[in-house]
Amino acid sequence: MDVVDQLMVIGTANRQVHMYNLSNVQQAFRVTNSTLKFQSRSIACFPNKRGFALGSIEGRVAIEHVDVKDKNSDFAFKCHRTDPKKHPVKVYAVNCITFNRTTGTFATCGSDGAYVFWDKDSKQRLK
């Protein structure tokens, strides 16, 4: 669960995401299924309240938007994995996602003990 101003998003165990406007918490204004195939582990709202990042136990992060008209901008990417050239590839859960309120970039922390910085707008890992 995460809250930014009047937007609250909740990731449930059955892979659903409930979105609430805190001025009317009696009913979710939107309920959607996660685009990720496995259970959600972490969630964080964009600082501009237009969407959220959802992390899973499969080492993936989905970038999803609140407004249906922005759905074409949604995407997911792999992270927190060992080098794909090494076999077997080990996959780690995404335990935490945190956005920088000024720049809009975000960090993910995984069960591998690593933290990585990302830019969702350019869809790139930051170094």
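A residue is called buried here when its relative accessible area is under 20%, exposed when over 50%, and partly exposed in between (1.4 Å probe, protein chains only). The structure is a predicted model, so local features need pLDDT of at least 70 and side-chain atom pairs count only at pLDDT 80 or more, while totals for chains, interfaces and linings use all residues. Residues are numbered from 1 along each chain as its sequence is written, and side-chain values use heavy atoms, with hydrogens and water left out.

Shared partners join Glu-64, Lys-71 and Asp-74 into one salt-bridge network. Lys-71 itself is partly exposed, with a relative accessible area of 27%.

The structure holds 7 salt bridges. Among them is the pair of Lys-49 and Asp-5, whose closest N and O atoms are 3.0 Å apart. Lys-49 sits in the loop between strand S5 (40–45) and strand S6 (51–56), and Asp-5 in the loop between S1 and strand S2 (7–11), so this bridge ties together parts that are 44 residues apart in sequence. Strands here are DSSP runs (E, at least two residues), numbered from the N terminus. Lys-49 is partly exposed at 36% relative accessibility, whereas Asp-5 is exposed at 54%.

Another bridge links Asp-67 and Lys-69, with 3.9 Å between the closest N and O atoms. Asp-67 comes out as partly exposed, at 36% relative accessibility, and Lys-69 as exposed, at 66%.

Asp-70 is found in the loop between strand S7 (60–65) and strand S8 (75–78). With 15% relative accessibility, Asp-70 counts as buried. Setting aside neighbours within four places in sequence, Asp-70 is in contact (heavy atoms within 4.5 Å) with Arg-50 and His-65.

On the nonpolar side, Met-1, Val-3, Leu-22 and Val-25 form a surface patch with about 340 Å² of accessible area together. Patches are made of residues with over 30% relative accessible area and no salt bridge, with like charges joined within 9 Å and nonpolar side chains (Val, Leu, Ile, Met, Phe, Trp, Tyr) within 5 Å; accessible areas come from the Shrake-Rupley method with a 1.4 Å probe, and for residues only the protein chains shown count as cover. Val-3 lies in strand S1 (residues 2–4) and is partly exposed, at 36%.

Terms used: Salt bridge = Lys/Arg side-chain N within 4 Å of Asp/Glu carboxyl O. Helix = DSSP H or I, 4+ residues; strand = E, 2+ residues; numbered from the N terminus.
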